[in-house]
Amino acid sequence: MICSGKQFSPVINGFDIFSRPKSRSPIQPSASLLPSLSVQKPRRSAISVQKPLHVSMVGNFGSLKARRSSIKCEAYEADRSKPIESNIELPKAAAAEAAASSSESKKKIKIGIYFAMWWALNVVFNIYNKKVLNAYPYPWLTSTLSLACGSLIMLISWATRIAEAPKTDLEFWKALFPVAVAHTIGHVAATVSMSKVAVSFTHIIKSGEPAFSVLVSRFLLGETFPVPVYLSLIPIIGGCSLAALTELNFNMIGFMGAMISNLAFVFRNIFSKRGMKGKSVSGMNYYACLSILSLIILTPFAIAVEGPQLWAAGWQKAISEIGPQLLWWMAAQSVFYHLYNQVSYMSLDEISPLTFSIGNTMKRISVIVSSIIIFQTPVQPVNALGAAIAIFGTFLYSQAKQ
(Lines give C-alpha, C1' and ligand atoms only; values in the text may rest on other atoms or scores of the structure.)
Protein backbone atom coordinates (compact mmCIF):
# COMPACT_ATOMS: atom_id res chain seq x y z
CA MET A 1 0.00 0.00 0.00
CA ILE A 2 2.88 2.31 0.78
CA CYS A 3 4.55 1.58 -2.55
CA SER A 4 1.36 2.13 -4.53
CA GLY A 5 0.82 5.41 -2.73
CA LYS A 6 4.24 6.62 -3.82
CA GLN A 7 3.44 5.98 -7.48
CA PHE A 8 1.36 9.19 -7.64
CA SER A 9 3.36 12.33 -8.15
CA PRO A 10 2.39 15.40 -6.09
CA VAL A 11 2.85 17.52 -9.21
CA ILE A 12 0.04 17.07 -11.62
CA ASN A 13 0.20 18.58 -15.04
CA GLY A 14 -2.61 19.20 -17.43
CA PHE A 15 -1.39 16.70 -20.04
CA ASP A 16 -1.57 13.74 -17.66
CA ILE A 17 -5.14 14.53 -16.66
CA PHE A 18 -6.50 14.97 -20.17
CA SER A 19 -4.68 11.83 -21.44
CA ARG A 20 -6.30 9.48 -18.85
CA PRO A 21 -9.13 7.20 -19.96
CA LYS A 22 -12.72 8.37 -19.39
CA SER A 23 -13.64 5.18 -17.47
CA ARG A 24 -11.41 6.15 -14.60
CA SER A 25 -12.82 8.70 -12.19
CA PRO A 26 -10.96 11.97 -11.96
CA ILE A 27 -8.64 12.42 -9.09
CA GLN A 28 -10.05 14.72 -6.42
CA PRO A 29 -7.08 16.59 -5.03
CA SER A 30 -7.13 17.19 -1.34
CA ALA A 31 -6.74 20.48 0.36
CA SER A 32 -3.27 19.50 1.53
CA LEU A 33 -2.07 18.85 -1.99
CA LEU A 34 -3.53 21.96 -3.70
CA PRO A 35 -4.24 24.57 -1.10
CA SER A 36 -4.20 27.36 -3.64
CA LEU A 37 -7.39 26.15 -5.37
CA SER A 38 -9.62 26.68 -2.36
CA VAL A 39 -8.16 30.14 -1.72
CA GLN A 40 -8.65 31.37 -5.28
CA LYS A 41 -12.26 30.20 -5.58
CA PRO A 42 -14.07 33.18 -4.00
CA ARG A 43 -12.23 35.63 -6.27
CA ARG A 44 -12.89 36.25 -9.93
CA SER A 45 -10.29 33.72 -10.81
CA ALA A 46 -9.27 32.51 -14.23
CA ILE A 47 -9.11 28.85 -12.94
CA SER A 48 -12.19 26.84 -13.97
CA VAL A 49 -14.06 25.06 -11.19
CA GLN A 50 -16.14 22.96 -13.58
CA LYS A 51 -13.17 20.97 -14.90
CA PRO A 52 -10.38 20.12 -12.49
CA LEU A 53 -7.14 21.98 -12.91
CA HIS A 54 -8.24 23.63 -16.14
CA VAL A 55 -6.39 26.93 -16.51
CA SER A 56 -7.48 29.56 -19.04
CA MET A 57 -6.37 33.15 -19.89
CA VAL A 58 -3.35 33.05 -17.68
CA GLY A 59 -1.94 36.08 -19.41
CA ASN A 60 -4.84 38.34 -18.30
CA PHE A 61 -4.00 38.18 -14.59
CA GLY A 62 -1.46 40.91 -14.90
CA SER A 63 -3.70 43.25 -16.88
CA LEU A 64 -6.79 42.87 -14.69
CA LYS A 65 -5.85 45.75 -12.38
CA ALA A 66 -4.97 47.92 -15.34
CA ARG A 67 -8.35 47.26 -16.96
CA ARG A 68 -10.19 48.08 -13.77
CA SER A 69 -8.16 51.25 -13.45
CA SER A 70 -9.05 52.31 -16.98
CA ILE A 71 -12.74 51.65 -16.41
CA LYS A 72 -12.64 53.76 -13.27
CA CYS A 73 -11.00 56.60 -15.17
CA GLU A 74 -13.67 56.50 -17.87
CA ALA A 75 -16.46 56.60 -15.25
CA TYR A 76 -14.73 59.49 -13.50
CA GLU A 77 -14.49 61.42 -16.75
CA ALA A 78 -18.18 60.72 -17.41
CA ASP A 79 -19.07 62.16 -14.01
CA ARG A 80 -16.90 65.17 -14.72
CA SER A 81 -18.97 65.85 -17.86
CA LYS A 82 -22.10 66.74 -15.89
CA PRO A 83 -20.85 69.96 -14.30
CA ILE A 84 -19.34 70.91 -17.64
CA GLU A 85 -22.82 70.75 -19.24
CA SER A 86 -24.35 72.81 -16.43
CA ASN A 87 -21.61 75.38 -16.86
CA ILE A 88 -22.58 75.62 -20.50
CA GLU A 89 -26.21 76.30 -19.58
CA LEU A 90 -25.37 79.04 -17.08
CA PRO A 91 -24.53 81.69 -19.69
CA LYS A 92 -27.86 81.01 -21.41
CA ALA A 93 -29.82 81.53 -18.20
CA ALA A 94 -27.81 84.65 -17.41
CA ALA A 95 -28.42 85.96 -20.93
CA ALA A 96 -32.16 85.32 -20.61
CA GLU A 97 -32.27 87.09 -17.26
CA ALA A 98 -30.31 90.02 -18.65
CA ALA A 99 -32.65 90.21 -21.66
CA ALA A 100 -35.71 90.20 -19.39
CA SER A 101 -34.19 92.92 -17.23
CA SER A 102 -33.32 94.98 -20.29
CA SER A 103 -36.85 94.57 -21.66
CA GLU A 104 -38.36 95.67 -18.34
CA SER A 105 -36.09 98.70 -18.24
CA LYS A 106 -37.03 99.66 -21.78
CA LYS A 107 -40.72 99.34 -20.89
CA LYS A 108 -40.31 101.62 -17.87
CA ILE A 109 -38.47 104.18 -20.00
CA LYS A 110 -41.21 103.95 -22.61
CA ILE A 111 -43.95 104.50 -20.01
CA GLY A 112 -41.99 107.39 -18.52
CA ILE A 113 -41.76 109.03 -21.95
CA TYR A 114 -45.50 108.52 -22.49
CA PHE A 115 -46.30 110.12 -19.14
CA ALA A 116 -44.00 113.10 -19.74
CA MET A 117 -45.50 113.67 -23.20
CA TRP A 118 -49.03 113.22 -21.87
CA TRP A 119 -48.60 115.84 -19.14
CA ALA A 120 -46.67 118.29 -21.31
CA LEU A 121 -49.12 118.08 -24.22
CA ASN A 122 -52.07 118.46 -21.86
CA VAL A 123 -50.58 121.58 -20.28
CA VAL A 124 -49.94 123.13 -23.70
CA PHE A 125 -53.47 122.28 -24.86
CA ASN A 126 -55.08 123.87 -21.81
CA ILE A 127 -53.04 127.05 -22.24
CA TYR A 128 -53.92 127.51 -25.92
CA ASN A 129 -57.50 126.39 -25.36
CA LYS A 130 -57.98 129.08 -22.69
CA LYS A 131 -56.37 131.70 -24.94
CA VAL A 132 -58.74 130.84 -27.76
CA LEU A 133 -61.80 130.85 -25.50
CA ASN A 134 -60.83 134.21 -23.98
CA ALA A 135 -60.59 135.78 -27.44
CA TYR A 136 -63.24 133.72 -29.24
CA PRO A 137 -65.82 132.45 -26.69
CA TYR A 138 -67.54 129.79 -28.75
CA PRO A 139 -66.90 126.47 -26.97
CA TRP A 140 -69.09 124.37 -29.26
CA LEU A 141 -67.16 125.40 -32.36
CA THR A 142 -63.83 125.08 -30.51
CA SER A 143 -64.73 121.53 -29.44
CA THR A 144 -65.76 120.66 -33.00
CA LEU A 145 -62.52 121.98 -34.47
CA SER A 146 -60.38 119.96 -32.05
CA LEU A 147 -62.20 116.74 -32.98
CA ALA A 148 -62.04 117.60 -36.70
CA CYS A 149 -58.29 118.22 -36.53
CA GLY A 150 -57.63 114.88 -34.83
CA SER A 151 -59.84 113.01 -37.28
CA LEU A 152 -58.06 114.63 -40.24
CA ILE A 153 -54.63 113.75 -38.82
CA MET A 154 -55.57 110.08 -38.44
CA LEU A 155 -57.24 109.82 -41.86
CA ILE A 156 -54.08 111.18 -43.49
CA SER A 157 -51.94 108.78 -41.43
CA TRP A 158 -54.03 105.82 -42.58
CA ALA A 159 -54.05 106.95 -46.22
CA THR A 160 -50.26 107.41 -46.32
CA ARG A 161 -49.70 104.19 -44.31
CA ILE A 162 -47.86 106.08 -41.57
CA ALA A 163 -50.19 104.26 -39.20
CA GLU A 164 -51.91 100.96 -39.86
CA ALA A 165 -55.63 101.38 -40.38
CA PRO A 166 -57.82 99.45 -37.91
CA LYS A 167 -59.90 96.50 -39.04
CA THR A 168 -63.41 97.34 -37.93
CA ASP A 169 -66.91 96.11 -38.65
CA LEU A 170 -70.46 97.23 -37.97
CA GLU A 171 -70.47 95.64 -34.51
CA PHE A 172 -67.40 97.67 -33.59
CA TRP A 173 -69.09 100.96 -34.46
CA LYS A 174 -72.27 99.93 -32.64
CA ALA A 175 -70.28 99.26 -29.50
CA LEU A 176 -68.38 102.52 -29.95
CA PHE A 177 -71.47 104.70 -30.39
CA PRO A 178 -72.46 105.10 -26.69
CA VAL A 179 -68.81 105.70 -25.84
CA ALA A 180 -68.67 108.46 -28.47
CA VAL A 181 -71.87 110.06 -27.14
CA ALA A 182 -70.48 110.21 -23.60
CA HIS A 183 -67.10 111.44 -24.89
CA THR A 184 -68.78 114.21 -26.90
CA ILE A 185 -70.81 115.43 -23.92
CA GLY A 186 -67.80 115.35 -21.60
CA HIS A 187 -65.57 117.17 -24.09
CA VAL A 188 -68.08 119.96 -24.81
CA ALA A 189 -69.00 120.37 -21.13
CA ALA A 190 -65.34 120.76 -20.12
CA THR A 191 -64.77 123.34 -22.88
CA VAL A 192 -67.85 125.28 -21.80
CA SER A 193 -66.54 125.26 -18.23
CA MET A 194 -63.16 126.62 -19.30
CA SER A 195 -64.83 129.40 -21.26
CA LYS A 196 -66.52 130.65 -18.06
CA VAL A 197 -64.01 130.02 -15.26
CA ALA A 198 -60.26 129.63 -14.74
CA VAL A 199 -58.52 126.53 -16.00
CA SER A 200 -57.37 125.70 -12.49
CA PHE A 201 -60.93 125.79 -11.15
CA THR A 202 -62.20 123.49 -13.91
CA HIS A 203 -59.51 120.91 -13.16
CA ILE A 204 -60.07 121.13 -9.43
CA ILE A 205 -63.73 120.23 -9.97
CA LYS A 206 -62.76 117.54 -12.48
CA SER A 207 -60.51 115.93 -9.88
CA GLY A 208 -63.76 114.80 -8.24
CA GLU A 209 -64.41 112.35 -11.08
CA PRO A 210 -63.65 109.28 -8.88
CA ALA A 211 -66.55 110.24 -6.60
CA PHE A 212 -68.92 110.20 -9.57
CA SER A 213 -67.47 106.86 -10.68
CA VAL A 214 -68.14 105.23 -7.30
CA LEU A 215 -71.63 106.69 -6.94
CA VAL A 216 -72.72 105.71 -10.45
CA SER A 217 -71.29 102.21 -10.13
CA ARG A 218 -72.90 101.73 -6.72
CA PHE A 219 -76.42 103.01 -7.34
CA LEU A 220 -76.88 102.32 -11.06
CA LEU A 221 -74.77 99.19 -11.59
CA GLY A 222 -75.04 97.66 -8.12
CA GLU A 223 -71.28 97.34 -7.63
CA THR A 224 -69.81 97.35 -4.13
CA PHE A 225 -66.44 98.68 -3.04
CA PRO A 226 -64.20 98.24 0.02
CA VAL A 227 -64.62 100.66 2.91
CA PRO A 228 -61.33 102.53 2.14
CA VAL A 229 -62.72 103.47 -1.27
CA TYR A 230 -65.77 105.11 0.31
CA LEU A 231 -63.60 106.85 2.88
CA SER A 232 -61.39 108.30 0.14
CA LEU A 233 -64.42 110.12 -1.28
CA ILE A 234 -64.62 112.32 1.82
CA PRO A 235 -61.50 114.39 1.07
CA ILE A 236 -62.37 114.45 -2.64
CA ILE A 237 -65.85 115.88 -2.13
CA GLY A 238 -64.75 118.09 0.76
CA GLY A 239 -61.77 119.51 -1.10
CA CYS A 240 -63.76 120.26 -4.26
CA SER A 241 -66.48 121.94 -2.21
CA LEU A 242 -63.97 124.06 -0.32
CA ALA A 243 -62.26 125.11 -3.56
CA ALA A 244 -65.59 125.98 -5.19
CA LEU A 245 -66.84 128.06 -2.27
CA THR A 246 -63.63 130.09 -2.09
CA GLU A 247 -63.17 130.56 -5.85
CA LEU A 248 -62.95 134.28 -6.64
CA ASN A 249 -64.16 133.85 -10.23
CA PHE A 250 -66.94 131.39 -9.46
CA ASN A 251 -69.51 130.92 -12.22
CA MET A 252 -72.44 128.51 -12.07
CA ILE A 253 -72.24 127.60 -15.77
CA GLY A 254 -68.54 126.87 -15.43
CA PHE A 255 -69.12 124.82 -12.29
CA MET A 256 -71.98 122.81 -13.83
CA GLY A 257 -69.97 122.25 -17.00
CA ALA A 258 -67.16 120.63 -15.03
CA MET A 259 -69.64 118.50 -13.07
CA ILE A 260 -71.39 117.31 -16.24
CA SER A 261 -68.01 116.53 -17.76
CA ASN A 262 -67.18 114.34 -14.77
CA LEU A 263 -70.43 112.42 -15.06
CA ALA A 264 -70.11 111.99 -18.85
CA PHE A 265 -66.57 110.66 -18.65
CA VAL A 266 -67.64 108.15 -15.99
CA PHE A 267 -70.26 106.76 -18.37
CA ARG A 268 -67.69 106.81 -21.18
CA ASN A 269 -65.41 104.56 -19.14
CA ILE A 270 -68.28 102.22 -18.26
CA PHE A 271 -69.40 101.92 -21.88
CA SER A 272 -65.79 101.38 -22.99
CA LYS A 273 -65.33 98.44 -20.61
CA ARG A 274 -68.62 96.82 -21.64
CA GLY A 275 -68.58 97.44 -25.37
CA MET A 276 -64.93 97.00 -26.28
CA LYS A 277 -64.29 93.58 -24.75
CA GLY A 278 -62.65 91.28 -27.28
CA LYS A 279 -62.03 94.10 -29.79
CA SER A 280 -58.46 94.00 -31.10
CA VAL A 281 -57.92 97.71 -31.83
CA SER A 282 -54.87 99.56 -30.55
CA GLY A 283 -55.22 102.54 -28.25
CA MET A 284 -54.19 105.03 -30.93
CA ASN A 285 -56.66 103.74 -33.50
CA TYR A 286 -59.36 103.34 -30.89
CA TYR A 287 -59.17 107.02 -30.00
CA ALA A 288 -59.04 107.95 -33.69
CA CYS A 289 -62.30 106.08 -34.35
CA LEU A 290 -63.77 107.68 -31.23
CA SER A 291 -62.85 111.15 -32.51
CA ILE A 292 -64.39 110.54 -35.93
CA LEU A 293 -67.66 109.29 -34.49
CA SER A 294 -67.77 112.10 -31.90
CA LEU A 295 -67.22 114.65 -34.67
CA ILE A 296 -70.19 113.26 -36.61
CA ILE A 297 -72.34 113.47 -33.47
CA LEU A 298 -71.20 116.94 -32.38
CA THR A 299 -71.27 118.89 -35.68
CA PRO A 300 -75.06 119.26 -36.06
CA PHE A 301 -75.45 120.22 -32.39
CA ALA A 302 -72.70 122.84 -32.65
CA ILE A 303 -74.42 124.39 -35.67
CA ALA A 304 -77.77 124.37 -33.88
CA VAL A 305 -76.49 125.89 -30.61
CA GLU A 306 -74.15 128.58 -31.97
CA GLY A 307 -74.45 128.67 -35.74
CA PRO A 308 -72.41 130.21 -38.58
CA GLN A 309 -73.72 133.76 -38.00
CA LEU A 310 -72.40 133.94 -34.46
CA TRP A 311 -69.14 132.35 -35.53
CA ALA A 312 -68.61 134.90 -38.31
CA ALA A 313 -69.41 137.89 -36.10
CA GLY A 314 -67.18 136.63 -33.31
CA TRP A 315 -64.38 135.93 -35.75
CA GLN A 316 -64.33 139.49 -37.05
CA LYS A 317 -64.17 140.87 -33.54
CA ALA A 318 -61.43 138.47 -32.42
CA ILE A 319 -59.24 139.14 -35.47
CA SER A 320 -59.53 142.88 -34.94
CA GLU A 321 -58.44 142.55 -31.32
CA ILE A 322 -55.91 139.69 -31.42
CA GLY A 323 -54.76 139.60 -35.01
CA PRO A 324 -53.78 136.65 -37.20
CA GLN A 325 -52.13 134.83 -34.31
CA LEU A 326 -55.61 133.67 -33.33
CA LEU A 327 -55.34 131.20 -36.21
CA TRP A 328 -52.16 129.79 -34.65
CA TRP A 329 -53.85 129.49 -31.27
CA MET A 330 -56.81 127.60 -32.72
CA ALA A 331 -54.58 125.27 -34.72
CA ALA A 332 -52.35 124.63 -31.70
CA GLN A 333 -55.21 123.85 -29.32
CA SER A 334 -56.76 121.47 -31.87
CA VAL A 335 -53.52 119.61 -32.60
CA PHE A 336 -52.43 119.36 -28.98
CA TYR A 337 -55.87 118.18 -27.90
CA HIS A 338 -55.62 115.22 -30.26
CA LEU A 339 -52.00 114.49 -29.41
CA TYR A 340 -52.42 114.42 -25.62
CA ASN A 341 -55.49 112.17 -25.85
CA GLN A 342 -53.76 109.89 -28.32
CA VAL A 343 -50.70 109.54 -26.06
CA SER A 344 -52.94 108.88 -23.05
CA TYR A 345 -54.67 106.01 -24.86
CA MET A 346 -51.31 104.68 -26.04
CA SER A 347 -50.03 104.70 -22.45
CA LEU A 348 -53.19 102.90 -21.33
CA ASP A 349 -52.09 99.98 -23.55
CA GLU A 350 -48.86 99.68 -21.57
CA ILE A 351 -49.99 100.23 -17.97
CA SER A 352 -52.70 99.15 -15.58
CA PRO A 353 -55.83 101.27 -14.96
CA LEU A 354 -54.50 102.03 -11.47
CA THR A 355 -51.26 103.49 -12.82
CA PHE A 356 -53.26 105.41 -15.41
CA SER A 357 -55.45 106.88 -12.65
CA ILE A 358 -52.41 108.01 -10.68
CA GLY A 359 -50.93 109.54 -13.83
CA ASN A 360 -54.19 111.36 -14.49
CA THR A 361 -54.09 112.81 -10.98
CA MET A 362 -50.53 114.02 -11.46
CA LYS A 363 -51.56 115.51 -14.81
CA ARG A 364 -54.19 117.65 -13.11
CA ILE A 365 -51.62 118.97 -10.63
CA SER A 366 -49.32 120.02 -13.47
CA VAL A 367 -52.21 121.72 -15.32
CA ILE A 368 -53.46 123.56 -12.22
CA VAL A 369 -50.02 124.84 -11.24
CA SER A 370 -48.96 125.85 -14.76
CA SER A 371 -52.27 127.64 -15.51
CA ILE A 372 -52.08 129.62 -12.27
CA ILE A 373 -48.54 130.72 -13.13
CA ILE A 374 -49.17 131.56 -16.80
CA PHE A 375 -52.55 133.28 -16.43
CA GLN A 376 -51.66 134.75 -13.02
CA THR A 377 -54.90 133.46 -11.55
CA PRO A 378 -55.52 134.88 -8.07
CA VAL A 379 -55.67 132.03 -5.56
CA GLN A 380 -56.60 132.35 -1.91
CA PRO A 381 -54.89 130.09 0.65
CA VAL A 382 -58.20 128.43 1.47
CA ASN A 383 -58.81 127.76 -2.21
CA ALA A 384 -55.37 126.20 -2.58
CA LEU A 385 -55.99 124.08 0.51
CA GLY A 386 -59.24 122.77 -0.96
CA ALA A 387 -57.49 121.87 -4.21
CA ALA A 388 -54.73 120.05 -2.34
CA ILE A 389 -57.25 118.08 -0.25
CA ALA A 390 -59.25 117.07 -3.34
CA ILE A 391 -56.16 115.91 -5.22
CA PHE A 392 -54.88 114.03 -2.17
CA GLY A 393 -58.26 112.30 -1.89
CA THR A 394 -57.98 111.28 -5.54
CA PHE A 395 -54.61 109.72 -4.81
CA LEU A 396 -56.07 107.83 -1.82
CA TYR A 397 -58.87 106.60 -4.05
CA SER A 398 -56.45 105.22 -6.61
CA GLN A 399 -54.55 103.41 -3.84
CA ALA A 400 -57.73 101.97 -2.28
CA LYS A 401 -58.93 100.66 -5.65
CA GLN A 402 -55.90 98.40 -6.18
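These legends describe close-up views of a predicted model.

Residues are numbered from 1 along each chain as its sequence is written. In this predicted model, local features need pLDDT of at least 70, side-chain atom pairs count only at pLDDT 80 or more, totals for chains, interfaces and linings use all residues, and side-chain values use heavy atoms, with hydrogens and water left out.

**View 1. The whole protein chain.** The protein chain has 15 helices and 2 strands. Both are DSSP runs numbered from the N terminus: helices are H or I with at least four residues, strands E with at least two. Of the 402 residues, 38% are buried (under 20% relative accessible area; exposed is over 50%, partly exposed in between; 1.4 Å probe, protein chains only). The accessible surface comes to about 23700 Å², and 66% of that belongs to carbon and sulfur atoms (Shrake-Rupley method, 1.4 Å probe; for residues, only the protein chains shown count as cover). Among contacts between residues at least 6 apart in sequence, 85% join residues at least 24 apart (contact: heavy atoms within 4.5 Å).

**View 2. The largest nonpolar core.** This core has 31 residues; Trp158, Leu176, Tyr286, Leu290, Tyr337 and Tyr340 touch the most other members. A nonpolar core is a set of buried Ala, Val, Leu, Ile, Met, Phe, Trp, Tyr and Cys residues joined through side-chain atoms within 4.5 Å. Helices H4 (64–135), H5 (139–159), H6 (170–196), H11 (283–305) and H13 each supply at least two residues. H11 gives the largest share, 10 residues. Leu176 touches Tyr286, Cys289, Leu290 and Leu293, leaving aside residues up to four places away in sequence. Another core, of 13 residues, lies apart; Val132, Tyr136, Met330 and Ala332 are among its members.

**View 3. A nonpolar patch on the surface.** Ile185, Phe250, Met252, Met256 and Ile260 form this patch, with about 450 Å² of accessible area together. Patch residues have over 30% relative accessible area and no salt bridge; nonpolar side chains (Val, Leu, Ile, Met, Phe, Trp, Tyr) are joined within 5 Å, like charges within 9 Å. A salt bridge is a side-chain nitrogen of Lys or Arg within 4 Å of a carboxyl oxygen of Asp or Glu. Helix H10 (residues 252–275) gives the most to the patch, with 3 residues. Met256 sits in H10. Met256 counts as partly exposed because its relative accessibility is 39%.

**View 4. Surroundings of Glu350.** Glu350 lies in helix H13 (residues 325–350). Its relative accessibility is 27%, so Glu350 counts as partly exposed. Glu350 touches Lys107, Lys110, Ile111 and Tyr114, not counting residues up to four places away in sequence. Glu350 and Lys107 are 243 residues apart in sequence, yet 8.2 Å apart in space, C-alpha to C-alpha.
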